[in-house]
Structure formats: C-alpha cells, structure tokens
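User: I would like to learn how to read a side-chain contact and the sheet beside it in a model like this one. Could we take the features in turn?

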Amino acid sequence: MDTGRRTRGTADGMRVKTVQINWHDGQPIFSVDFDHNYEGSEGGWRFATGGGDNNVRIWRLRSVREREDDGTAVEFVAGLNRHTAPVNVVRFSPSDSRLASAGDDGAVIVWRQAETGRTVTLDDPEATATETWRPAAVLRGSLADISDLAWSPDGAFLASASVDNTVRIWHVREARCIQVLADHTHYVQGIAWDPLGRFLATQSSDRSMRVYRWAATHTLRPGDGPATLAATHVTMTSDESHRQRLFHDDNLASFFRRPDVSPDGRLLAAAAGLLRTAPGSRNACLLWARDRLTAAPVMALPGLRRPAVAVRWAPCEFAAPDRAGWATDARRMMLAVASQSAVAIYDTSCPARAVAMFDGLHYAALTDLAWTRDGSQLLVVSIDGFATLASLDQPTESLPLPRRSEPTSCASPVRPSPTLSAAPPVSAGRKRMAPTFVGSL
C-alpha cells in the first residue's frame with residue numbers, strides 16, 4: 001500500500017500526494033506515460049515508467065472509487081527488463097497499446113503485450129506481474145544515449161532524440177532507420193510529433209528549437225527524406241535594436257527539454273524558455289501557433305522560479321464555459337508545465353492566470369509528467385525515485401476530439417495582444433501566474 005504527503009500551493013478542486021512505493025528500487029524515475037488505448041476490465045488507467053535501474057515497469061492507476069475503498073492508488077502490472085542501461089523515456093503509441101522505450105544503451109525497444117506467458121516477479125515478493133510484455137522490435141543505430149521519443153499519429157514511425165546531436169526517424173514495422181536529422185549542434189533533449197502528422201519539433205541544449213515538415217507515406221524507398229527543416233528558433237526581436245535568446249544554454253542542469261503539441265494540433269509548447277524583462281531574463285514556457293511556426297512565439301507563460309524541463313497537454317478537450325481565456329476556440333485545453341522543482345497547470349479558458357501551481361513535491365529535480373486520457377489525473381516523476389499524483393475535478397467532462405484537417409491560415413488559436421507587457425514576478429507562495437503575450441497576430 002502506498003502512503004502520501006500533501007503539498008502546498010494546490011488550487012481548489014485538486015488533490016496532490018506523493019505515492020511512496022518501490023517504483024524502481026530507489027533509483028531515479030526518468031519518464032512516465034499513460035496508455036490512452038487501455039480498456040481494462042477493472043477500470044483505472046495503465047501507465048509505464050522508465051528508471052535508473054535499467055527497467056521499464058507497467059502499472060495500473062486505480063480508479064477513484066477503488067482508491068477510496070482501501071487507499072491503494074497504484075498496482076504493479078509487469079516488469080520489462082531488456083535494457084542494459086538506465087531508461088530515459090517511455091511512450092505509448094497513440095494508435096494502439098504498443099510501448100516504446102529507450103535510454104543510455106542507445107536501443108529503442110518496441111514492446112507489445114502478449115496474450116499468454118509466464119508470470120514474473122520483482123524483488124519485492126508481493127509485486128507479482130499480471131501481464132506479460134515481449135519485444136516486438138528492437139531499433140538499433142543510435143551511437144549514444146537516447147533522451148526522448150515521439151510516435152507518429154498513426155503509430156507507423158518513431159522519432160528518437162539523442163545526445164549525439166541527431167534525431168533518427170524509424171519505420172517501426174520494418175525496424176529500420178529511414179532518416180537522420182543532424183541540424184542540431186548539441187544534445188537533442190526533447191521531441192514532439194504533431195497529432196495531425198504534419199510536423200516534428202525538436203529541442204536541444206544548443207539553445208534552439210527546430211521544426212521539420214513531415215510528408216511520408218507508408219512505402220518509403222531508400223534515400224527518401226520525409227522530414228525537411230522548416231524553421232530554427234534561437235532568438236527573437238525584443239525591441240528595435242536588440243534580439244533576445246529564446247532558450248537556456250547547456251548550463252541548464254537537466255537532461256530533458258520536452259516539448260509537446262496540443263491535442264487539436266494548433267499550439268506547440270516548448271520547455272526551457274526565457275522571457276527577457278528588466279532587469280534580466282525569466283523562465284517561461286513558450287507557445288507557437290500552428291500557422292506561425294516559422295515566426296516568433298505568440299505567447300509566453302512565465303512565473304516558474306526554475307527552468308521548465310517538460311510540458312504536457314492533456315490529450316483531450318473540454319467544453320469551455322465562455323471564451324474569456326487566451327484561446328479563441330469554444331473548447332478548452334489543459335497544459336501542465338514542469339520545472340525542475342514545481343508544476344504549473346494552465347486552462348486555456350481562464351484569462352491571464354494558471355489554475356494551479358504547486359511545489360515542494362520532491363527532494364530532487366522533476367523529469368517528466370503525463371495525463372490520463374480524460375484529463376482528470378496528472379502523474380509527475382522525479383530523480384528522487386518517487387512519483388506524485390494530482391487529481392483534478394474538471395468542471396465539465398472531456399469531449400471526443402473531432403476529426404480535423406490542416407487548419408487554414410486564419411486558424412491561430414491565441415487571442416491577439418495589443419501590447420507586449422510583462423507579468424510581474426511571482427513570489428514563492430503565489431499560486432497563480434499571468435501569461436505574457438510576446439507577439440501579436
């Protein structure tokens with residue numbers, strides 16, 4: 001059974017506790033991801049973690065009703081132990097329940113749940129596996145540690161980010177690398193794939209974010225290059241005579257800079273951002289509009305005392321009570337931003353503020369975070385070897401994502417700002433943050 005401790009800075013309608021179980025034998029947890037295709041007979045949500053013990057572990061987050069019955073939040077499901085070095089990233093396919101994992105051994109392993117198989121156990125005699133997972137493919141070719149992964153929306157391709165300064169695109173069914181992107185000049189620490197399948201975004205410790213157009217079919221010939229560089233973001237104009245850097249340099253004490261794209265495909269959120277205000281720079285999450293990916297960011301969400309290392313959009317939309325927020329659509333979305341020590345949650349229907357900010361979660365840096373399919377649960381993991389669960393009371397139920405084609409040029413989702421104003425600094429005890437527009441539409 002797990003125990004938990006409450007954290008400060010939570011908002012009304014949110015409950016936060018650190019789940020203190022033996023996640024990875026006391027070793028760091030570097031990544032977490034939920035299986036959004038899971039339909040278990042017992043309910044709840046299936047998720048995976050990757051850790052410093054070289055293992056991938058599958059878990060089930062129990063439903064709210066089950067947790068109220070006996071207080072146990074998480075059940076162990078399976079242990080996957082083919083990696084020979086720490087596992088830095090785990091990601092479920094958006095098209096099915098395949099799981100991709102990668103880490104310091106340079107291999108990408110694609111796992112699939114087996115129908116039958118033997119039951120395995122962890123060192124903890126009470127942790128008995130209830131599922132069996134086997135490798136469906138092993139993708140080898142990276143010359144160094146892999147820090148992040150992203151699936152294509154149809155699950156046919158994988159992109160891996162590596163500390164050899166490259167991004168590799170893999171054809172999963174054929175288990176081969178079809179393209180190597182070598183435009184970055186330092187470690188590539190994060191990657192995100194557009195849910196509409198039209199672009200990739202990568203972040204590196206070379207202080208840049210690069211956007212690639214994606215145009216691929218399932219039949220690729222040797223030499224085909226489906227990803228082409230569309231934009232490189234390093235600086236932006238801050239006034240008439242100066243340009244400012246957009247991202248932290250390689251002195252940022254984190255192995256990850258994980259971006260993400262909103263579930264409707266219209267907003268790209270980047271980690272490790274900087275917002276220059278007098279007398280210096282401040283940490284921020286930077287947002288780009290889909291129809292302006294080659295231009296400056298349209299918005300910055302400041303207020304974090306330490307740099308953002310990972311951002312995650314909830315994989316669903318909600319009915320918006322009104323259109324008073326900073327997004328123009330009638331539906332609202334949720335964005336979680338993890339710094340090295342705190343988490344901020346934004347709601348696109350709320351004007352000029354975050355709905356929650358909480359810190360004091362862990363004794364070491366945060367590394368990754370993930371939402372359940374319905375946006376009601378957020379799981380945050382840390383180098384200290386523990387995970388924190390935030391349960392949110394959403395005012396409206398999640399809505400199915402409508403089928404969307406490529407938005408038109410007038411589909412910018414952020415309201416225009418008449419001025420480029422900077423939000424006031426946020427004190428340690430303050431819960432809400434004001435987003436700052438850094439470009440007009």
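User: Which backbone atom does the side chain of asparagine 165 reach, and at what distance?

Analyst: A polar contact is a pair of N or O atoms within 3.5 Å, where within protein one must be able to donate a hydrogen and the other to accept it, and residues adjacent in sequence count only if both atoms are side-chain atoms. Here the side chain of asparagine 165 reaches the backbone nitrogen of tyrosine 187 at 3.3 Å, and the two residues, 22 apart in sequence, lie 4.7 Å apart from C-alpha to C-alpha. This is a predicted model, in which local features need pLDDT of at least 70 and side-chain atom pairs count only at pLDDT 80 or more, while totals for chains, interfaces and linings use all residues. Residues are numbered from 1 along each chain as its sequence is written, and side-chain values use heavy atoms, with hydrogens and water left out.

User: Is asparagine 165 buried, partly exposed or exposed?

Analyst: Buried means under 20% relative accessible area and exposed over 50%, with partly exposed in between (1.4 Å probe, protein chains only). Asparagine 165 counts as partly exposed because its relative accessibility is 21%.

User: Where is asparagine 165 found, and how do the strands on either side of that loop pair?

Analyst: Strands of a sheet pair through backbone hydrogen bonds, either parallel or antiparallel. Strands are DSSP runs of at least two E residues, numbered from the N terminus, and two of them pair if DSSP finds at least two bridges between them. Asparagine 165 is in the loop between strand E11 (157-162) and strand E12 (167-171), and E11 and E12 pair in the antiparallel sense over five bridges.

Key
Helix = DSSP H or I, 4+ residues; strand = E, 2+ residues; numbered from the N terminus.
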